[in-house]
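Look over the sequence and the model shown here before reading on. The notes that follow are grouped by topic.

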Amino acid sequence: MSTENEGTEVPQAPSAPPVPVDTPAASPQTPESTAPAPSAPLTPPTPARDQVQEAAYAQPAPQPPAPAHAAPAQQAAWPPPPAPAYDGGGSGHDGGYGGGYGGGYGGTDPAPAWGASYQAAQPPVPKQQRRGRGGLLAAVLVAALVAGGIGGGLGYTLAKDDDTSSTTVSAVDSGGDLKRDPGTVAGVAARALPSTVTIQAESSSGEGGTGTGFVFDTEGHIVTNNHVVAEAVDGGKLSATFPDGKKYDAEVVGHAQGYDVAVIKLKNAPSGLKPLTLGNSDDVAVGDSTIAIGAPFGLSNTVTTGIISAKNRPVASSDGSGSQASYMSALQTDASINPGNSGGPLLDAKGNVIGINSAIQSTSNGSFGSGQSGSIGLGFAIPINQAKYVAQQLIKTGKPVYAKIGASVSLEDTTGGAKITDTGASGSDAVEPGGPAAKAGLKPGDVITKLDDTVIDSGPTLIGEIWTHQPGDKVTLTYERDGKTRTTDLTLASRTGDN
């Protein structure tokens, strides 16, 4: 699992040319325009009111026939001279959207100039037909204007007689501050955002990144992911910025690489900090609403919503083949989670923290030009019941405490269960002498298929499930040996630290 455009404004399209008004026929000697017809038909807009009135009522008076030696009739004044087409120049990255409006998106041909002899594209109309069409046009325009006049007059009369006839409705609270219902997303966000911070972590060599955290207590402790602050653990710099812009230096109190949980503390923490309320992740149900807060791709104070799409999802934050992997039995959500959301709170519909956003399922190739993939609707959060326990241990001792069964299991991605290996790490015993597994009678080669009622399909799944428990918890293991299914009870032991 992976834990972690500058658009340019498109110019407004030029308005279309006005409707040509029929004019007296040109003399047969008038040369026809040689301008090429537009490559696509133009759709003239409705003429303005004064133009309509002129076309409808200002028809020229009949004139006596012109002498035979009279000069040819002048061509109509419309269309206007061609306007310059857009030159295709964009702005922004790499020429904006590939050539501006004139050439289209990536095109090279300029747009046809408005007014490229609309009349030239039309065949001449006989004089009698043209006159008839003009009469019809005038009649239609007159009807439209009269109808508009009647409607306007009637509306004015009604408004004059009854000032309450308006159908518009004004908001009661318009112009003032709106109070959001506490149960709405806006209400939850308004309460939670002031207690969420954007974390900047930088190593001593200057490398680092951005993540998220939330206020855990009034003393200034902030809970986040281990991988968010890992760069700043050994001599690096760490800061936390609140939504109001106030920025505080911070230090790492403790970090648990296996759980992927860390606690930092604000230096000179302000008074009046409001910790987020912690919910009960065990009570979460598939389909429950979720709200995620974070700084995806550095965009601080971003709020997204979704639902719980699965529970107890086994997730390894690395390839699961080494000791540096992190394991969780995660809450799965389709709320949009991206790089930078890590460490931020996953809230329920009431605003209680039910998880820490920690990982996303990535596609095989990156996007957004960053080499990283964005949200595909598969995000994973550490259940808050587990994270709370880990955070309290880190605040108390600075070191994490892990539950264990005292046996080494294969980390291969299988579906048959968690197989106890023949030898342990660095050649040690696969089953720790005197440990819980040994006392329960487990041996190398046994395949664990259940922990209590949870199906175990692989070693990473078993580890993640064990770590949802605390040392001293009693569990029942179901395992297979020599083709037979057996069960055994054991009490989980403890291990302190990541090594």
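Is Tyr248 buried or exposed? In this predicted model, Tyr248 has a relative accessible area of 16%, which is under the 20% cut-off, so Tyr248 counts as buried.

**Aromatic pairs**
- There are 5 aromatic pairs in the structure.
- One of them joins Phe242 and Tyr248 edge-to-face, with 5.8 Å from centre to centre and 90 degrees between the planes.
- Phe242 is buried too, at a relative accessible area of 9%.
- The pair of Tyr402 and Trp467 is tilted, because the planes stand at 45 degrees, with the ring centres 4.7 Å apart.
- Tyr402 lies in strand E13 (residues 401-404), while Trp467 sits 65 residues away in the loop between helix H7 (459-466) and strand E17 (474-481).

- Strand E1 (residues 196-202) and strand E4 (residues 237-241) run antiparallel and are joined by 5 bridges.
- In E4, Thr241 stands opposite Thr198.

**Leu276**
- Leu276 is found in the loop between strand E6 (261-266) and strand E7 (289-294).
- With 9% relative accessibility, Leu276 counts as buried.
- Residues touching Leu276 include Ala192, Phe214, Pro345 and Val353.
- Pro194 is 82 residues from Leu276 in sequence, yet their C-alpha atoms are 9.5 Å apart in space.

Notes
Residues are numbered from 1 along each chain as its sequence is written. This is a predicted model: local features need pLDDT of at least 70, side-chain atom pairs count only at pLDDT 80 or more; totals for chains, interfaces and linings use all residues. Side-chain values use heavy atoms; hydrogens and water are left out. Helices (H or I, at least four residues) and strands (E, at least two) are DSSP runs, numbered from the N terminus. Buried means under 20% relative accessible area, exposed over 50%, partly exposed in between (1.4 Å probe, protein chains only). Contact means heavy atoms within 4.5 Å. Two strands pair if DSSP finds at least two bridges between them. Rings of Phe, Tyr and Trp (its six-membered ring) pair if their centres lie within 6.5 Å; planes under 30 degrees apart count as stacked, over 60 as edge-to-face and the rest as tilted. Lists of a residue's contacts leave out its neighbours within four places in sequence.
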